[in-house]
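Thank you all for coming.

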Amino acid sequence: MATPAVPPLVVRNAEKRFGAVRALAGASFELRRGELLGLLGPNGAGKTTMIKGIAGRTRLDGGDVVLLGRSLGPTDPRPDIGVVPQELAVYKRLTARENLTAFGRLAGVPASAIRSRVDWALQWSDLEERANEPTERFSGGMKRRLNIACSLLHAPSVVLLDEPTVGVDPQSRARIYEMLAALQRTGVSIVLTTHHLEEAEQRCERIVIIDRGTIVASGTVAELVRASVGASKRVTVALAAPWPDGPAVPAGAELDESRRTISASVTDVGSELTTLLGRLAAAGVRIADVKLAGATLHDVFIALTGRELRE
Amino acid sequence: MIGTLLHIGWINLRRDRVAQAMTFALPIMFFSIFATIFGHQANATQKIHVPVVDEDRSEYSGRLIKALAAEGALDVQTMTSPDHSQRQGTPLTRADAEGLIKAGTDAVAVVLPKGLGEAHRFFGPTAASRPTVQILADVSDPIAPQIVLGLLQKVSFTAMPDTMAREGIEMFEQYGGPLTPAQRDSTQRWLTDLAQGRNDAPNTASASPAFGLPTEIVNVLHPNGGSAATISFYAAGTGVMFLLFSCASGGGALLDEEESGTLGRLLSGRAGMEGVLAGKWIYLMLLGMAQLTVMFVWGALVFQLPLASHLPGFVVMTVLTAAAAAGFGLVLATLCRSRQQLAGISTILILAMSAVGGSMFPRFLMSETMQKIGLITFNAWALDGYLKVFWREAPLTALWPQAAVLLGLTAVFLGAARLFARRWEAL
């Protein structure tokens with residue numbers, strides 16, 4: 001296990017080209033002990049290449065991967081890393097127990113420990129009752145949980161998950177995050193990529209946003225909001241009737257096409273919200289509802305990576 | 001709607017090279033292969049090489065050999081010279097001829113026994129002790145001995161027309177004398193019977209006909225008969241062909257694993273690519289050995305294939321064949337990009353190899369050119385080895401050419417598979 005002084009994983013200036021495409025262009029980030037770090041980015045931003053580069057499944061053209069204080073060469077074994085691929089990488093005709101046993105042996109778990117590790121994995125992934133069924137009979141969520149468990153049998157210090165919740169229902173996603181939280185409590189450090197921004201906002205301690213092969217932002221959600229879209233909040237006022245033709249819309253506010261909703265950004269909620277509501281009353285409109293929302297990770301993501309399609 | 005579906009089907013076919021190959025190239029290829037094989041058979045231009053042993057050394061045996069050599073269908077060898085020259089080496093002995101048959105060099109040989117010329121008569125009753133011309137044969141080739149037998153009978157008449165005329169007059173005097181009406185009728189009935197193939201003349205037997213040479217076919221390899229040649233050929237031929245199919249299919253598991261991500265997981269473990277390929281190769285080899293064993297055990301149980309008495313040779317050939325076939329399966333799997341591509345390519349390759357290599361049609365019945373072409377295939381070497389074991393009763397040491405080729409192929413296949421598998425490694 002890493003000591004608190006030494007980050008379990010540090011990536012410095014990772015570079016990778018695929019022909020003319022620069023998948024990683026000097027990307028750097030650091031993973032702290034026991035942390036759940038969200039690696040976010042649009043499609044093709046370099047997330048999977050980064051995961052593969054750290055795992056040794058892609059040979060980086062440049063940069064450095066430091067695992068538990070030790071710089072790794074491209075062919076060095078990585079027994080302290082567990083990699084969970086985006087695909088459901090389990091044998092469908094094997095049972096859950098057989099899959100876990102096979103991948104445990106391949107990962108180097110001693111024969112004397114394999115049974116206990118498999119039992120732990122089955123319990124951890126909540127698959128004990130279906131342990132002896134071929135996995136082809138499993139639901140998508142069960143397969144996802146098994147897919148993760150298969151990467152943890154050798155008790156890695158760092159776990160890399162490439163979109164671990166893709167294609168599963170909200171209940172299964174919640175269960176997967178509970179499993180990851182249990183891992184964190186044992187000191188395991190986790191990097192995950194996901195397109196579920198709300199989940200990342202709720203579950204991850206820190207976020208790293210990658211775009212076009214470079215890290216464009218990193219930090220807690222609050223830090224990212226402050227640094228990118230600012231601390232202003234969005235006020236949305238629903239009107240009881242369409243905005244009348246006579247009076248002008250208050251300065252700084254926007255009226256939508258239905259003329260029933262007015263929205264505006266406020267920094268000082270106490271004074272600016274009161275002023276806005278006062279002007280609406282003066283204009284003679286009746287207010288049906290008022291909503292106040294801060295900027296989300298989604299806003300940050302769009303602000304940093306733009307709205308254009310990448311693929 | 002039908003037009004749209006046709007358009008979609010056409011676009012799919014146009015972009016699917018495997019489907020194009022299966023639809024158009026494979027039938028043409030098979031037609032060409034079988035046309036080449038059987039076209040040569042029909043031409044009758046292929047000569048049968050026949051070692052002839054002259055133990056008699058009489059004028060009669062010499063004229064027989066000369067007449068046989070003049071036959072366009074035969075390539076007669078009487079001396080030990082390997083280039084078949086009639087002026088080099090020493091005269092062939094019976095042992096030499098038997099050796100050529102056992103080694104598989106020739107399918108048929110003729111032995112003209114001592115006393116043949118002295119006891120020879122074209123017509124009439126013959127003594128039971130009359131020497132018999134022997135056709136030494138590898139009966140796994142059912143055609144060549146019969147052709148030689150027929151030509152031998154033919155030349156026994158055509159080679160000596162003067163002798164035949166003299167003996168005919170003697171026969172006439174012996175049976176007819178001054179022909180009376182009754183005698184004329186009797187002679188006419190006898191001639192009619194002969195013309196119709198009925199031969200109930202006294203002192204004739206199947207091995208000693210009233211006309212022509214007394215001959216017998218001697219099964220050199222299996223004097224007691226049996227159908228081991230045919231059974232072992234089909235067991236090996238079918239077994240090797242389906243072994244290649246199962247190894248290609250089994251190797252395709254690599255493609256499934258690549259698609260599902262399990263290959264990446266395997267490569268992330270301790271094994272590395274060499275370990276993964278070694279594991280797959282050993283698995284496919286064991287599977288192939290089991291498949292061939294089941295095939296031959298079934299042959300032994302149901303068709304009396306003598307497996308138990310040929311166990312060492314069977315084990316050697318099965319291990320070598322399965323090892324090479326497993327390597328072949330890995331090459332195909334590492335070369336192809338998808339299961340569909342693998343299925344198409346492996347079907348085309350394996351069927352072509354099986355046709356040319358003798359799995360579908362015995363190579364010894366093909367032309368010499370086709371037999372040589374067949375040697376580029378995996379099947380030919382494996383089948384030759386099995387036939388050596390089960391048919392030629394060859395010792396294990398005689399399997400060295402097949403062993404060397406199959407081991408070489410295994411090494412080449414594994415090397416190629418390792419090379420092609422680089423695409424799955426960290427790049």
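This is a predicted model: local features need pLDDT of at least 70, side-chain atom pairs count only at pLDDT 80 or more; totals for chains, interfaces and linings use all residues.

As for the labels, residues are numbered from 1 along each chain as its sequence is written, and chains are lettered from A and ligands numbered from 1 in the order in which they are written.

Let me begin with chain A, which has 9 helices and 14 strands, where helices (H or I, at least four residues) and strands (E, at least two) are DSSP runs, numbered from the N terminus. Taken along the principal axes, the C-alpha atoms of chain A fill a box of roughly 80 × 45 × 40 Å. Chain A has 311 residues, of which 38% count as buried; a residue is buried if 20 or more other C-beta atoms lie within 10 Å of its own, exposed if 12 or fewer, and partly exposed in between, with the C-beta atoms placed from the backbone. If we take the contacts in chain A with a separation of 6 or more, 71% of them are between residues 24 or more positions apart, and here two residues are in contact if their C-beta atoms, placed from the backbone, lie within 7 Å.

Chain B, for its part, has 17 helices and 5 strands, and 34% of its 427 residues count as buried. Among the contacts in chain B with a separation of 6 or more, residues 24 or more positions apart account for 75%.

Now to the helix pairs in chain A. Two packed helices are described by the angle between their axes and the distance between the axes. The axes are lines fitted to C-alpha atoms, for helices over the stretch in contact, and the angles run from 0 to 180 degrees between N-to-C directions.

How do H4(A) and H5(A) lie relative to each other? Helix H4 (residues 140–149) and helix H5 (residues 170–185) of chain A pack with their axes 10 Å apart, at an angle of about 20°, and H4(A) and H5(A) are therefore roughly parallel to each other. On this scale, angles under 35 degrees count as roughly parallel, over 145 as roughly antiparallel, 65 to 115 as roughly perpendicular, and the rest as oblique. The crossing of H4(A) past H5(A) is right-handed, and a crossing is left-handed if the near helix is turned anticlockwise from the far one by less than a right angle, and right-handed if clockwise. On the H4(A) side we find A:Gly141, A:Arg144, A:Arg145 and A:Ile148, which meet A:Ser172, A:Arg175, A:Ile176 and A:Met179 in H5(A). By class, the residues of this contact between H4(A) and H5(A) are 3 nonpolar, 2 polar and 3 charged, where Ala, Val, Leu, Ile, Met, Phe, Trp, Tyr, Cys and Pro count as nonpolar, Asp, Glu, Lys and Arg as charged, and the others, Gly among them, as polar.

The next pair is helix H7 (residues 221–228) and helix H9 (residues 297–305) of chain A, whose axes come within 9 Å and cross at roughly 45°, which makes H7(A) oblique to H9(A). H7(A) passes H9(A) in a left-handed crossing. The residues in contact are A:Val221, A:Leu224, A:Val225 and A:Ser228 from H7(A), together with A:Leu297, A:Val300, A:Ala303 and A:Leu304 from H9(A), and this contact of H7(A) with H9(A) has 7 nonpolar, 1 polar and no charged residues.

Is A:Asn43 buried or exposed? A:Asn43 lies in the loop of chain A between strand S3 (36–40) and helix H1 (47–55), and A:Asn43 counts as exposed because there are 10 C-beta neighbours inside 10 Å. A:Asn43 and A:Arg212 are 169 residues apart in sequence, and in space they are 9.7 Å apart, C-alpha to C-alpha.

In chain B, B:Lys372 sits in helix H15 (residues 368–374), and B:Lys372 is exposed, with 12 other C-beta atoms within 10 Å.

Finally, we come to the contact between the chains, where 13 residues of chain B are in contact with 18 residues of chain A. On the side of chain B that touches chain A, helix H11 (residues 262–268) of chain B gives the most, with 6 residues, and the residues of that side divide into 5 nonpolar, 6 polar and 2 charged.
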